[in-house]
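Hi everyone, thanks for coming. Let's bring the structure up on the screen and walk through a couple of its features together.

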Amino acid sequence: MTEAARARRRPGWLAPAVSLRRDGIVPDVVAGLTLAALAIPEVLGYARIAGMPVETGLYTMLLPMVVFALLGASRQLVVGADSATAAMLAAGLAVLGVPAATPEYVRLAGTTALVVAVLLVVARVVRLGVLANFLSRTVLVGFLTGVGIQVAVGQLPEALGLPPTGGSTPEKAWAVVVNLPDVVPIAVATAAGVIVVVLVARRISRRIPGTLVAVVAAIVVTAAAGLDARGLTVLGDVPAGLPGFALPALGIDDLRAVLPLALSMLVVILAQSAATSRAYAARHGDVADTDRDVVGLAGANLAAAATGAFVVNGSPTKTQMIDSAGGRSQLAHLAAAGASVVAVLVLAPYLSLLPLAALAAVVLLIGVELVDVTGMRRIWQVRRLEFAVAALTTVAVVVVGVETGIVVAVIASIADHLRHSYAPRSSVLTKSAQGHWRSLPVTAGARTVEGLVVHRFGSGLYFANAARFADDVALLLGTGSPVRWYCLDAAAIGDVDYTAGAVLNVVLDRLEAAGVRFVVSNLLDPVRAQLDYYGITARIGEDACFDTSGEALEEFGRSTS
């Protein structure tokens, strides 16, 4: 292994910075500056999605980003404000009846970030990183698509110059339709101009900070033409300066109120961050360390809570930005944080003339990008039932909200898994003319050879599929030529629960009554121990346990010769 490869895999704190080569410093710094240029307008939009003051979006790119760079394991994963968790925050705090962007709202947002940080620490201690696996790629596509629709619809009023409306996403969409005669032309023109500039810049090159260009142009045109005096609503004063220490709301009632929201966010953060870090680690030959990343995420959210920001998450869009710009270590993240410091100190006052229609257009584009039409179409083409799960998740998010949608997403993921394990792809093994094993469907009277059935059950045996296993055995042995041996090939069985153990004993009773010998093959050691506990091994005898199905077939042949 080369020194570079060893460096990529070296564990320990600050390893990415320590192992950085000199020829990587300039590309990483350039990548960090590129990320700042692309992401600063984006995080302003995320702050709006979250119902927070816009400057708090900038705060998410300061201390939280630095803390994750120092504590996290991933070289590529960028942690900051994210559309999914921002939308969840707004939906969750809206239920509490707290007006957006008020001091109380900001404190509760800090409380949520603090609780998320504590939950992440707990997740690391008890190794709950596996929760990340409870959101399948299918439901994640559906979930993010629903979030995208919700975000985009929520920005339509300000993009059209209409007053914001409350309610569910369908109610907001209907309110826009009803109020279309009252749209403000100058707001529509501003939003359309921003969208055109961003889309043209992307068409030329994704490295062009089209969003930043559009936002700056909107501010300049508004100032030069005095559009704020002609009916175009602008952002207003944005405080400059670095964030100070902010104490979130710490009352028992406050903590209890945000706990359900924080738990929902925990699942999304674990799933999205783990999926993103694993994908980019694989791309660059690194070794993903989810546990270390969870520590970094906990630290980043604690930093957000302490600096008046809001919940941060591993961001796929920002990670792609920094990766495509050539960033290969966390020095790029530190450079982006440094550029954000300059933005907070110098540029914040100029944001006062930013038209709300322009900012709404930026956020609307973010929402549209989350609508994964390509992913949904691909799922439809290859897995219709999984498409139904993804569509259900999308509808749940759009109709009943993000917080309920994430619960539906987790339940849908588990249900989809149970569907596969409840009806596993079992088979009867036979030998081809060339002497190789092949799998045939479980059908009435199927035989491996005359008098022998080698039945491979395609999943672990547990309470939900144990009856199906018994039905398979009855189907195989109930018709066709007489069976002398029944061999359970356990290669795909990783566990046998108590209910399945009882069913196995019942099946064994029936086979003994019919004069059929029960043997097993390809037993994993833990499964063999379970069969010992359930008394199966003692009943069939040690000589009925074969290492392979081939050995069972040979022994059957000898017993009939």
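Here's one to start with: does C545 count as buried or exposed? C545 counts as buried, because its relative accessibility is 15% and the cut-off for buried is under 20%. Please keep in mind that we're looking at a predicted model.

Let's stay with the cysteines for a moment. How many disulfides does the structure hold? The number is 0. C487, for instance, is in no disulfide, and the nearest cysteine sulfur to its own, that of C545, is 10 Å away. A disulfide needs the two sulfur atoms within 2.5 Å. C487 is buried too, with a relative accessible area of 0%.

Now please find helix α10, residues 185-204. This helix has 20 residues, and from first C-alpha to last it reaches 28 Å, close to the 28 Å expected at 1.5 Å a residue. Which of its residues are buried? They are A187, T190, A191, V194, V198 and A201. Seen down the axis of α10, these buried residues fall within an arc of 100°, so they line one face of the helix. As a reminder, residues three or four places apart in an α-helix point the same way, because there are 3.6 residues a turn.

And what covers that buried set? The cover includes α8 (137-159), α11 (210-225) and α16 (356-370). On the other side of α10, P185, A189, R203 and I204 are exposed.

Technical notes. Residues are numbered from 1 along each chain as its sequence is written. This is a predicted model: local features need pLDDT of at least 70, side-chain atom pairs count only at pLDDT 80 or more; totals for chains, interfaces and linings use all residues. Side-chain values use heavy atoms; hydrogens and water are left out. Helices (H or I, at least four residues) and strands (E, at least two) are DSSP runs, numbered from the N terminus. The expected span of a helix is 1.5 Å times one less than its number of residues. Buried means under 20% relative accessible area, exposed over 50%, partly exposed in between (1.4 Å probe, protein chains only). The arc is that of the directions from the helix axis to the C-beta atoms. Contact means heavy atoms within 4.5 Å.
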